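I opened a notebook on this structure to look up a few things one at a time. The entries follow in the order in which I made them.

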Amino acid sequence: MVERSKQTVRDLRRGNRSVLLRHLYFEGRLSRHELGRDTGLSGGTISNVVGELIADGLVEEAGSVDSDGGRPRVLLQVAADRGFLIGVDVGETQVRVALFDLALTELAASDHPLSDHGHDVDHVVQLILDGLAEVLDSTGTDRDRVLGVGIGVPGIVEQGDPAADPADPGGIGAVVHGQTIDWDAVPLGRLLRAGTDLPLHIDNGAKTLGQAEMWFGAGRGAGNAVVALFGSGVGACVIANGVPYRGATSSAGEWGHTKVHVGGRLCRCGSRGCLEAYVGAEALVERWGEASDSSEKAGLAALLAAAEADDPVADALLCETAEYLGASIADLINLFNPERIVIGGWAGLLLGPRLLPAIRAAARSYALRFPCEQTSIELGLLGPDAVTVGAATLPLARFLDSGGDVPEPGRREARALR
């Protein structure tokens with residue numbers, strides 16, 4: 001009974017720390033009075049917990065504002081330099097590794113093209129490890145101050161058992177099923193652990209993009225949304241009541257492999273008629289047949305330039321692409337009834353300004369009228385590297401959920417709250 005009571009007190013304290021830390025993080029500079037008003041916690045609890053967070057270096061004073069007739073109120077904010085986050089985007093053509101502070105300001109980045117090796121597992125693992133070393137060494141960052149490494153990958157991520165490594169949930173035990181890149185149950189977490197002791201957090205790239213746009217971008221404020229990733233391939237993150245919907249085995253959101261043409265074009269996944277086989281950047285460049293040999297991005301940019309120069313073939317292909325996307329977005333509207341759909345990914349942001357009006361028109365013509373009228377379709381706000389930012393939010397989420405429970409210098413295990 002005594003142990004249960006101790007655990008309950010510890011959980012309550014951690015929960016209060018998490019509530020305050022999370023609110024300060026997302027709402028910006030606030031006074032103690034505003035924290036109490038917004039969270040409903042008592043003045044005594046606010047005073048005690050804020051004092052702890054300041055003593056731990058997690059929160060700092062950030063000026064003051066006048067109050068009505070009283071002393072100025074001290075503003076508080078999360079200390080951006082308290083720790084560091086790393087985001088990794090294992091994309092279709094390159095591996096990008098970026099180092100961020102707690103405010104998600106990018107401090108360093110390392111880009112490694114996949115080149116002729118493609119998605120050979122050992123090659124990808126080495127590129128990730130090389131990128132980690134480069135961003136840390138170039139900034140002189142102490143590895144003990146890195147809160148974790150988030151990794152976004154193409155494919156379905158089977159998460160490890162958090163109980164097996166509480167300080168590293170979803171990391172060492174993560175297994176990736178990437179059908180389009182020939183990854184069949186790849187134990188990515190275990191392979192990376194052989195080269196680094198940093199905490200690992202691995203998830204699908206579309207889901208990391210979704211979390212980034214929901215937290216900081218075009219999805220912010222929406223409780224039910226779909227964030228679509230439109231790059232070399234196509235994916236989506238479905239948000240239900242503020243939480244990513246994963247399904248029974250974390251494969252929910254494989255929107256790119258829903259069918260738009262029975263018996264149609266062969267997709268990279270081996271099936272036919274997938275949305276990705278018609279609107280993915282790789283498929284578009286292939287269908288146009290006029291691409292630059294340098295990269296998919298160069299090919300898609302050339303396609304867009306040709307359409308804007310009134311090339312009839314390029315224009316027709318992009319018009320068809322907008323209709324496919326609009327019809328498939330109508331399916332999302334009919335299935336999930338989101339209040340917002342956000343189109344992101346480098347290809348989505350490149351083509352979006354030209355295609356968005358036609359996409360919206362097609363969605364209206366294919367979707368049920370009532371749910372469609374309640375849904376806005378927007379472009380992402382975080383740029384083409386949003387997957388990397390989203391990957392960094394994976395360790396950030398754990399940091400906030402734990403109330404700022406971070407490794408002490410020289411220790412990789414999570415410290416217990418005092």
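**Entry 1: a salt bridge at Arg360**

I started with Arg360, which is partly exposed, with a relative accessible area of 29%. I noted that the model is a predicted one. Next I looked for the charged partner of Arg360 and found Glu378, the two side chains meeting in a salt bridge at 3.4 Å, N to O. Arg360 lies in helix α11 (residues 346-366) and Glu378 in strand β16 (residues 376-379), so the pair ties together parts that are 18 residues apart in sequence. Glu378 is partly exposed too, and its relative accessible area is 31%.

**Entry 2: other salt bridges**

I then asked how many salt bridges the structure holds. The count is 19.

I looked up Arg17 and Asp56, whose side chains form one of them at 3.0 Å, N to O. I found Arg17 in helix α1 (residues 2-27) and Asp56 in the loop between α3 (43-55) and β2 (59-65). The two residues are 39 residues apart, and the pair links distant parts of the chain. Both Arg17 and Asp56 are buried.

I also checked Arg246 and Asp203, which meet through their side chains in a salt bridge of 2.5 Å, N to O. Arg246 sits in the loop between β14 (243-244) and α7 (276-279), and Asp203 is in strand β11 (residues 200-204), so this pair ties together parts that are 43 residues apart in sequence. I wrote down the accessibility of each partner. Arg246 is partly exposed at 30% relative accessible area, whereas Asp203 is buried at 4%.

**Entry 3: Glu296**

I turned to a charged residue without such a bridge. Glu296 is in helix α9 (residues 296-308). I noted that Glu296 is buried yet has no salt bridge. The nearest side chain of opposite charge is that of Arg268, 6.0 Å away. A salt bridge would need a nitrogen-to-oxygen distance within 4 Å.

What does the side chain of Glu296 make a polar contact with? I found the side chain of Ser232, at 2.4 Å.

**Entry 4: cysteines**

I looked for disulfides and counted zero. Cys237 is in no disulfide, and the nearest cysteine sulfur, that of Cys274, is 20 Å away. For Cys269 the nearest cysteine sulfur is again that of Cys274, at 3.7 Å, and Cys269 is in no disulfide either. The cut-off explains this second case, because a disulfide needs the two sulfur atoms within 2.5 Å.

Are these two cysteines buried or exposed? Cys237 counts as buried at 1% relative accessibility, and Cys269 counts as buried at 16%.

**Entry 5: positive phi**

I looked for residues other than glycine with a positive phi and noted two. Asp310, which is not a glycine, has a positive phi of about 70 degrees. Asp310 is in the loop between α9 and α10 (312-336), and it is exposed, with a relative accessible area of 66%.

Asn337 has a positive phi as well, near 50 degrees. I placed Asn337 in the loop between α10 and β15 (340-344). At 47% relative accessibility, Asn337 counts as partly exposed.

**Entry 6: the whole chain**

Last, I stepped back to the chain. I counted 13 helices and 16 strands in its secondary structure. The radius of gyration is 23 Å, close to the 22 Å that the globule rule gives for 418 residues, so the chain is as compact as a globular protein of that length. The C-alpha trace spans about 70 × 50 × 45 Å along its principal axes.

I also noted how much of the chain is buried: 51% of the 418 residues count as such. Among contacts in the chain with a separation of 6 or more, 60% are between residues 24 or more positions apart.

Notes:
Residues numbered from 1 in each chain as written. Predicted model: local features only at pLDDT ≥ 70, side-chain atom pairs only at ≥ 80, totals over all residues. Heavy atoms only, no water. Helix = DSSP H or I, 4+ residues; strand = E, 2+ residues; numbered from the N terminus. Buried < 20%, exposed > 50% of the residue type's maximum accessible area, 1.4 Å probe, protein only. Lys, Arg positive; Asp, Glu negative; His and termini not counted. Polar contact = N/O pair within 3.5 Å; in protein donor to acceptor, adjacent residues only side chain to side chain. Rg over C-alpha atoms; globule rule 2.2 N^0.38 Å. Contact = heavy atoms within 4.5 Å.
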